[in-house]
Amino acid sequence: MTKSEIKNKAKNKSPKKKKRKNPYIPGIAALKFKPTYDWDVNTAKTLYDGFKHPFNKDQIIYSDCISGSGMDQMPDSSVDLIIADPPFGIKFTGKENFYNRKSEYVANGYGEVNENYGEFSEAWISKLPRIMKDTSSVFIFSGWTNLNDILNAVAKTDLALINHIIWKYQFGVFTKRKFVSSHYHLLFLVKNRKKYFFNKIEHYPEDVWIIPRKFQPGERKNSTKLPEEVVSRCIHFCSEPGGLVFDPFMGNGTTAKCARANFRHYFGFEINHDMKDVIEANLEQINPGQTYKHHITMIPNKEELLKKYPAAKKKLFDEKNQ
Ligand SMILES: C[S@@+](CC[C@H](N)C(=O)[O-])C[C@H]1O[C@@H](n2cnc3c(N)ncnc32)[C@H](O)[C@@H]1O
């Protein structure tokens, strides 16, 4: 305590609060918000068409990402963003009858990890920093059961953990004697804390993402498909149009589809050859840039914000009438 604070306390006076020059009014900053970077559709397309990569882009290799023909073949500093959703390590076959899923729609040959999950995690995570640029980041999805192994593997690299995001979805597997798991962990890591690319496209981007899983009966897929909204969010915040998004565990090709739809290039591996026709069918549905939008059009408009923040509405009204 300072001398004057002690004196004030003795006098039973509360210490004087410093007056803010501009009093805080919730919503004013949200109304003024602009994304850090924004590209109109033509500029994004030009960047996409013109970007030169040091190896074949827009390709998926149907083999193991860890062994000799995998990530070791990729050049140094060659990818802009990595999105990795590895197998769970829980003896999952991809055919389990969750959510009344019919097994004939689920592709065969899901590559599960039968060896030690810690060793598997170290094997692939240790290969990431070399292929990343100083501006690159990586998002790793993990269930809570194997999170320790992923975090231990990350700790053995120089990658820096920037956020630990919780992705909350709307339903989990029914349980009788424990709570239903309805969230996933998503680690946001970077190679260089000072240089990583981050496009703040929302005024207040929180580290809990509430995004439902899509349940599409009758669609043939590997049963661990991520929602496109989750994957696109990683792409929008952490890559530029024309950049190369790498996914070592392509599954249904969600990363490739979202990258292409947003004027980004992709590259990845999938060990399961049976996924080739599923991935190709998914990619055929989409043209480059098909869902790309100027970010400014994706933020809430003035009317929506003023409804949410009545104090800001009053301030603007008062200013108008002064
Ligand atoms: C959790 S799924 C990925 C799902 C994907 N994110 C999607 O939205 O469709 C993991 C995938 O990794 C594949 N896989 C497992 N081990 C692999 C390895 N060593 N190299 C490449 N792919 C592998 C599995 O066959 C499975 O398709």
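**View 1. Pairing of β7 with β8 in the predicted model.** Strand β7 is joined to strand β8 (residues 265–269) by 4 bridges, and the two strands run parallel; strands are DSSP runs of E with at least two residues, helices are DSSP runs of H or I with at least four residues, and both are numbered from the N terminus. Two strands are taken to pair if DSSP finds at least two bridges between them. Within this pairing, Phe246 has Phe267 as its bridge partner in β8. The model is a predicted one, in which local features need pLDDT of at least 70 and side-chain atom pairs count only at pLDDT 80 or more, whereas totals for chains, interfaces and linings use all residues. Residues are numbered from 1 along each chain as its sequence is written.

View 2. Strand β2 (residues 79–84) is mostly covered, with 6 of its 6 residues buried; a residue is buried if 20 or more other C-beta atoms, placed from the backbone, lie within 10 Å of its own, exposed if 12 or fewer do, and partly exposed in between. With strand β3 (residues 132–142), β2 pairs in the parallel sense over 5 bridges, and with strand β7 (residues 244–247) β2 also pairs in the parallel sense, over 2 bridges. Ile82 has Val138 as its bridge partner in β3 and stands opposite Phe246 in β7. Ala84 stands opposite Ile140 in β3.

**View 3. Strand β3 and its antiparallel pairing with β5.** Strand β3 is mostly covered, 8 of its 11 residues being buried. Strand β5 (residues 183–190) pairs with β3 in the antiparallel sense over 6 bridges, and Ser142 stands opposite His185 in β5.

**View 4. Helices α7 and α8.** Helix α7 (residues 228–238) packs with helix α8 (residues 254–261) at an angle of about 55°, their axes being 9 Å apart; axes are lines fitted to C-alpha atoms, for helices over the stretch in contact, and angles run from 0 to 180 degrees between N-to-C directions. The two helices, α7 and α8, are therefore oblique to each other, where angles under 35 degrees count as roughly parallel, over 145 as roughly antiparallel, 65 to 115 as roughly perpendicular and the rest as oblique. The contact involves Glu228, Val231, Ser232 and Ile235 of α7, together with Thr254, Thr255, Lys257, Cys258 and Ala259 of α8, with two residues counted as in contact if their C-beta atoms, placed from the backbone, lie within 7 Å.

**View 5. Helices α4 and α6.** Helix α4 (residues 117–125) and α6 pack at an angle of about 40°, with 8 Å between their axes, and that angle makes α4 oblique to α6. Tyr117, Gly118, Ser121, Glu122 and Ile125 of α4 make the contact with Asp149, Ile150, Asn152, Ala153 and Val154 of α6.
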